Amino acid sequence: MTTRLADIAAQAGVSEATVSRVLNGKPGVAATTRQSVLAALDVLGYERPVRLRQRSEGLVGLITPELENPIFPALAQVIGQALTRQGYTPVLATQTPGGSTEDELTEMLVDRGVAGIIYVSGLHADTTADTQRYDRLRAQGVPFVLVDGFSPKVQAPFISPDDRAAMSLAVTHLASLGHTRIGLALGPKRFVPVQRKIEGFVRAVQEQLGLSAETAETELVQHSLYTLEGGQAAATALMDRGCTAVVCASDMMALGAIRAARQRGLDVPKDISVVGFDDSPLIAFTDPPLTTVRKPVPAMGQAAVRTLLEEIGGTPAPHSEFVFMPELVVRGSTASAPGDRSRP
C-alpha cells in the first residue's frame, strides 16, 4: 500500500498524504489536485475505489415488443448508443409471447429506479388497450416517451413515422409503373399505425387510380400478422383478387409475399411487384433486393432520447407527436406491370 501511495504521489506530483485524502474521499483537496491523483491512478493501471468511479446518470428502460423483426434491434441500437453518449445506461426489456407483459416489464424497471422509459410499439399503439397504465406511471413521477402509435388520451410525447405518407410513396411508385390493381397487406386493424396506413393507402389509390374508398378498403386491404407467414397469407388473398402489386406494412411481411408469389410459380418483379416497409438491416441483400419505404430510424431514435432526457431534466415536452418523413428506396422487387412493358 505504501509503495502504491508513493508511486501515485510521484506520478501526480503531490504528497502521499494528499493521495491518501483523495483515495479516502476526504475534503480539503483542490479539484485540480484531485483530478491529478485520479489521472495518476489511471496511468499507473490502478483501479479507482468504487466511490470514486464516475457514476452513471442512471438507468433508462427501453421496452420493445420482440426482437425477431430486425427493425426493433436497429431502433434499440440507435436509442442505446444515444443514451450511452449522454451518460445513461440503457436497460433493454423485451416482450415475448407467453413471457413478461408490458406492465410487468414496466414494474420491474420502476422497481430498479430507472430515470425514464422509452416504449416502442407498445400498448399505446393499441386502440383497444387501457391507457390508464400510463397515467399511473406519470403519477409515480417516471418520465416516458412513446414510439410508434399515437393516443390522444396519453399525456406524453410521441415519436412516429408518417405512415400515411409512406403509403402514398409506395402507391405512387407502383402506379407510375402501370399497376392498376395494388393490394395492401398489414397487421390487425386495432393498431394506430395500421389505421393510418390504411388511410394513406386509400387516399393514394383514389388519387392515383380513381378507385372509390369503399372498393379500396373492401377489395384491396388484407389484414394478417406482422410476420413472414402473415405476409404470405395476406399476399395470397390479394393475388386471388387480381393484384399485380402488393404493398406490405413490414419488410418481414414483404418477404412472405415474395414467398407466396414463388409458390404460385410467379416471378418477382416480372409477374408481381412487392414493396416493404422499414428498410430493416440486410433487407437490401434479399433475392430480389427489396423495394421498401425506409423508416427514419436514426432520427426517430435520437429524438426519443432527446425528448426523454428533457423530461428527466425537468423540461417536460408538451403532449404532442413528432412525425418523421419516410423515404422510398427503389430496388429490385418492383417493375412495370405485366402487359405494360413499354414503361422503364
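A pocket here is worked out on a 1 Å grid over the protein atoms alone: a set of points where a 1.4 Å probe fits but cannot get out is a cavity, while a pocket is an open set with protein on both sides within 12 Å along at least five of seven lines. Lining residues have an atom within 4 Å of a point. Grid points are joined across faces, edges and corners, and a volume is the space filled by probe spheres set on the points.

The model is predicted, so local features need pLDDT of at least 70 and side-chain atom pairs count only at pLDDT 80 or more, whereas totals for chains, interfaces and linings use all residues. Residues are numbered from 1 along each chain as its sequence is written, and side-chain values use heavy atoms, with hydrogens and water left out.

**Stop 1: the second largest pocket**

Select E102, D103, T106, E107, V110, Y119, R133, Y134, R136, L137 and Q140, which line the second largest pocket. About 190 Å³ of space lies in this pocket. Which elements each supply at least two residues of its lining? They are α5 (102-111) and α6 (132-139); helices (H or I, at least four residues) and strands (E, at least two) are DSSP runs, numbered from the N terminus. The largest share, five residues, comes from α5. The lining divides into four nonpolar, two polar and five charged residues. In this count Ala, Val, Leu, Ile, Met, Phe, Trp, Tyr, Cys and Pro are nonpolar, Asp, Glu, Lys and Arg are charged, and the others, Gly among them, are polar.

**Stop 2: α5 against α6**

Keep α5 and α6 selected and look at how they pack: the angle is about 5° and the axes are 12 Å apart. Axes are lines fitted to C-alpha atoms, for helices over the stretch in contact, and angles run from 0 to 180 degrees between N-to-C directions. The two helices are therefore roughly parallel to each other, as angles under 35 degrees count as roughly parallel, over 145 as roughly antiparallel, 65 to 115 as roughly perpendicular and the rest as oblique. On the α5 side the contact (heavy atoms within 4.5 Å) is made by E102, D103, T106 and V110, and on the α6 side by R133, Y134 and L137. Three of the contact residues are nonpolar, one is polar and three are charged.

**Stop 3: the largest pocket**

Next, select P65, E66, F72, F191 and Y226, which lie nearest the centre of the largest pocket among its 37 lining residues. The elements that give two or more residues to the lining are α4 (71-85), α8 (192-209), α10 (228-240) and β9 (273-278). The volume of the largest pocket is about 980 Å³. Its largest share of lining residues, three, comes from α8. By type, the lining has 18 nonpolar, eight polar and eleven charged residues.

**Stop 4**

Select R164, found in helix α7 (residues 163-176). Not counting residues up to four places away in sequence, R164 touches R196, E199, G200 and R203. R164 and G200 are 36 residues apart in sequence, yet their C-alpha atoms are 3.8 Å apart. R164 is partly exposed, with a relative accessible area of 31%; buried means under 20%, exposed over 50%, and partly exposed in between (1.4 Å probe, protein chains only).

Move to P188, in the loop between β6 (182-186) and α8. P188 is partly exposed at 22% relative accessible area. Leaving aside neighbours within four places in sequence, P188 is in contact with V194, H223 and S224.

**Stop 5: backbone details**

Select V268 and P269: the peptide bond from V268 to P269 is cis, with omega near 15°. P269 lies in the loop between α11 (251-263) and β9. Another cis peptide bond joins D287 and P288, with omega about -5°. P288 is in the loop between β9 and β10 (291-294).

Is L282 buried or exposed? At 67% relative accessibility, L282 counts as exposed. L282 is also placed in the loop between β9 and β10, and has a positive phi of about 75° although it is not a glycine.

End at S121, in the loop between β3 (116-120) and α6. Phi of S121 is near 50°, a positive value in a residue other than glycine. S121 is partly exposed, with a relative accessible area of 24%.
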